[in-house]
There are 2 protein chains.
Amino acid sequence: MTIEATMGEAAAIEESLEQFLIVLCVSLGVATISQISSFFRQIPYTLLLVIVGLVLAFVDIRLVNLSPELILEIFLPPLLFEAAWNIRWRNLKNNLIPVCLLAIVGVVITVVGIGFTISHFTDLTLPIALLIGASLAATDPVAVIALFRELGVGERLTVLMEGESLFNDGVAVVAFGILVAIPLGTQEFSTTNTLVQFVTFTGIGIAVGGLIGFGISYLTQRFDLPLVEQSLTLVSAYGTYLLTEELGGSGVIGVVTTGLILGNFGSRIGMNPRTRLSVSEFWEFIAFFVNSIVFLLIGDQIDIRGLLDKWQLIAVSIVALVVVRAISIFGLGTVSNLITGKNPISWKQQTVLWWGGLRGSVSIALALSVPAMLEGRQDIIEAVFGVVLFTLLVQGLTMQTIINKLGLIGDRPQRQAYSELLARRNALEQVLERLNEVKLSISIDEAFKENYRRTVQEKLDSVNQEITKLQESYPQLRSLDQEQLQEDLLDIEAETYAELVRSGKLNKNLSPVLEKVFNTEEE
Amino acid sequence: MTIEATMGEAAAIEESLEQFLIVLCVSLGVATISQISSFFRQIPYTLLLVIVGLVLAFVDIRLVNLSPELILEIFLPPLLFEAAWNIRWRNLKNNLIPVCLLAIVGVVITVVGIGFTISHFTDLTLPIALLIGASLAATDPVAVIALFRELGVGERLTVLMEGESLFNDGVAVVAFGILVAIPLGTQEFSTTNTLVQFVTFTGIGIAVGGLIGFGISYLTQRFDLPLVEQSLTLVSAYGTYLLTEELGGSGVIGVVTTGLILGNFGSRIGMNPRTRLSVSEFWEFIAFFVNSIVFLLIGDQIDIRGLLDKWQLIAVSIVALVVVRAISIFGLGTVSNLITGKNPISWKQQTVLWWGGLRGSVSIALALSVPAMLEGRQDIIEAVFGVVLFTLLVQGLTMQTIINKLGLIGDRPQRQAYSELLARRNALEQVLERLNEVKLSISIDEAFKENYRRTVQEKLDSVNQEITKLQESYPQLRSLDQEQLQEDLLDIEAETYAELVRSGKLNKNLSPVLEKVFNTEEE
């Protein structure tokens, strides 16, 4: 090791750390402002980040070069893992038919529809146009889901949107991989070939993801080491991705499989509730962190002036995307309703799914990963960046209005506020109780205690007032206690089941009883 | 961006990710084994990691090149931040005199003592020997503190050891920076110069750390955004380090200052208790994670055959270190006892401090950061690596015996077990209560409920049995409830204070009362 090498390395590490910190500080600033100012709070903060990134790019401040590797290998695995970890299998199972239709058939419709439209209306060749279609087939639900949560839109839409995105990312990446080989001339296109490849890619992904997921689930069952278990989730997210790619499969599908298994099975049988909570919080933080960086960098990567030159191509792409997604959502929605029969997806929900299909980092990563030797690479990049920007800003910023107009806003915000108030009241009551309990045992000044008790009592009164006010305005909230209780009980039961599996007590006598519980849970 | 550049970048990212994952899997494997096997559980897992690293190095498997930049800029800031975040100011304040004596005078004694001994007994020049001394002046308490926790050694030893290490890291790095300039001929040595430099380095560190720490404390007081606040702690750890170094100060001291302020002040006035807990857990995880990597890499970095060639130099260094630390600890301990008067550090405690002064990553980072142009660099590296290895393995693995022999083991393990059992009983009782409550409201099979209730009741009985058994063996545990209550009350009060500051209600009428609380707290 020569001294120059050392100093070069030092400078490189320091520079990337500094860049990283600058990106982070800007992101955090935006995240904070978006929450504090009531004007900005109406905009999902991811969109605000894109806008800030755009402004920075416009005044020619380039933060970091957003390479496809950075997106696909560093940012995507944790984001997918977190989404998969948090999605409830029982919800997903109830919506498996529409989700699979959207994620598989929907991607095919998008690729083919956008491809043929662009190659027909512009002078791009079909192979290039299909690559634009494949890049745009992956949806990015982060901004919209955040909005759903805030507005209290029903759980079903969230599951459909997240489920679709979870799986169509993988399918789109596989489709892109197959399609990119064609214009390079390394492979002749044939439907059989494509199908075989697709099945291989996803099959390896599911197999590796399943092995790692179940392997770690049963491994963590053998010990109770919170920090090791937490580390294992991080290792499994990146490890599954790398290993699957190494074996020629789809890393994206691998990570999603691992995440689903660990979140729904492993975390129940292998982790104690405390660990599970820590791990969930850890991943929530990682997702927040990565998203903050990604959306800022997406904005910062876009060259508005470059996009303006290609406005015709972009306009055609946008129209193609919007129309094709309408066909895909409303068509597949109808098909799904016909198949499942009960509990159809209403046209209002379909409208939200259609307009809420934003595009994000995966689309950008795919566009950027087109080999430089391919003529038309720049066209693909400009088209995809333009469409992503349109979906994020135009669709993203109008979503709230549309949800409002369709009357899909639920009473979740009130319910949220209500249960927070109940928790607060509970906590304050406990403090008061404690204070009275320790009357004799502690040498604390009586005056202070009195003062303190008064403060707590005042707070408690104001909380009680707010609770009454809410109950008067929204009478249905009174039933919330009941619902909460029901949910708690389900959780306790799931816990018991996990506890039994853990202690190896699950035998024939018990399992029919437990099956019943699971059925109750899924109702 | 040409395609080669892209592919090169992709390969580089993938390779470092893979290396990172391999390191992580090995570390986790070791961490897991160390907990599961009762034989290995006697060894602190950090030492086990070093041993595994050594074995890997011996069969010539080199994982990652552990550069000084990697240690100082990537690994050290989070480790220092975590230690500072968790140390309680009120404990530190009570031990400020011995800690400062050890961290400042102790470092001077170590540097000078080791330097003169080595230059006298070997053929190394004094400037080189002093650099060895400076590298070895920073202690690394991780392995020993873990042992303390496990064995239930009194809190005071933990505070002394952690406090010393927290501050002597900074002093050692500053001393090293000053000393390394001398043999390079860029600076003449003079005591005045050195003192001025020392004061400047630490002064800038404290100033920047204080500004950032208090700045973020007051900033987070203005909003309640858990994820943003959590991110801010991460940003402040790295940001303080980089900014302080940029301004010519000591980054280590900067980070420690920020961590102390945020952990003791900012987290109380600016974060709600939930956030504080999440952030603490997050940092616990980061520290575990980084330590797992660092200790494995320390072992993996050592070339046993190279060390054997220099056995004389290493032997002299080891003897010098052990003797000089004896002088420093027993001498400064006596001085400290004379100054403070009450509550002296017993000779047993001093013995543990002396033998428990292991060396770790900071020493290695400093040795590796000696410029290659300096003749004698290799000697410094070999000597420091040899001493670090000796302290970790010989001192580290005999610590438990010494603590045992000195009779310093407390009843903390039992207390830990006892309060866990109490918590468990509480939880189970709540479950039972819940089950009875919901008799009417939920449509759950009665047979299952009965079965379930029986299971819970069985568990509750066995927990109760264990509690009784523990109470019989250790009667003093009965007073634990009382102590716990007292601690809870102190926490509640601190909470109230924070709540008052948050809501801006802290006025003249209240503050004298609160001052009293703080005094009670510090007793």
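Modeller: This is a predicted model. Start with helix H6(A): its buried residues pack against H5 (96–121), H8 (155–180), H14 (311–340), H16 (361–368) and H17 (377–405), helices of chain A.

Colleague: What makes H6 (residues 126–135) of chain A largely enclosed?

Modeller: The count. Eight of its 10 residues are buried, so the rest of the structure largely encloses this helix.

Colleague: Which residues of H6(A) are the buried ones?

Modeller: They are Ile128(A), Ala129(A), Leu130(A), Leu131(A), Ile132(A), Gly133(A), Ala134(A) and Ser135(A).

Colleague: Why is Ala287(A) called buried?

Modeller: A residue is buried if 20 or more other C-beta atoms lie within 10 Å of its own. Ala287(A) has 20 C-beta neighbours inside 10 Å, so Ala287(A) counts as buried.

Colleague: Where is Ala287(A) found, and what does Ala287(A) touch?

Modeller: Ala287(A) sits in helix H12 (residues 273–301) of chain A. Leaving out residues up to four places away in sequence, Ala287(A) touches Pro78(A), Leu79(A) and Glu82(A). Between the C-alpha atoms of Ala287(A) and Val111(A), 176 residues apart along the chain, the separation is 28 Å.

Colleague: What covers the buried residues of H15(B)?

Modeller: The cover includes helices H8 (155–180), H14 (311–340) and H17 (377–406) of chain B. The buried residues of H15 (residues 347–355) of chain B are Gln349(B), Gln350(B), Val352(B), Leu353(B) and Trp355(B).

Colleague: Which residues touch the most other members of the largest nonpolar core?

Modeller: Val384(A) and Val384(B), out of 263 residues in that core. Beyond residues up to four places away in sequence, Val384(B) touches Ile132(B), Ser135(B), Leu136(B), Ser363(B), Ile364(B) and Ala367(B).

Technical notes. Residues numbered from 1 in each chain as written. Chains lettered and ligands numbered in written order. Predicted model: local features only at pLDDT ≥ 70, side-chain atom pairs only at ≥ 80, totals over all residues. Core = buried A, V, L, I, M, F, W, Y, C linked by C-beta atoms within 7 Å. Buried ≥ 20, exposed ≤ 12 C-beta atoms within 10 Å, placed from the backbone. Contact = placed C-beta atoms within 7 Å. Helix = DSSP H or I, 4+ residues; strand = E, 2+ residues; numbered from the N terminus.
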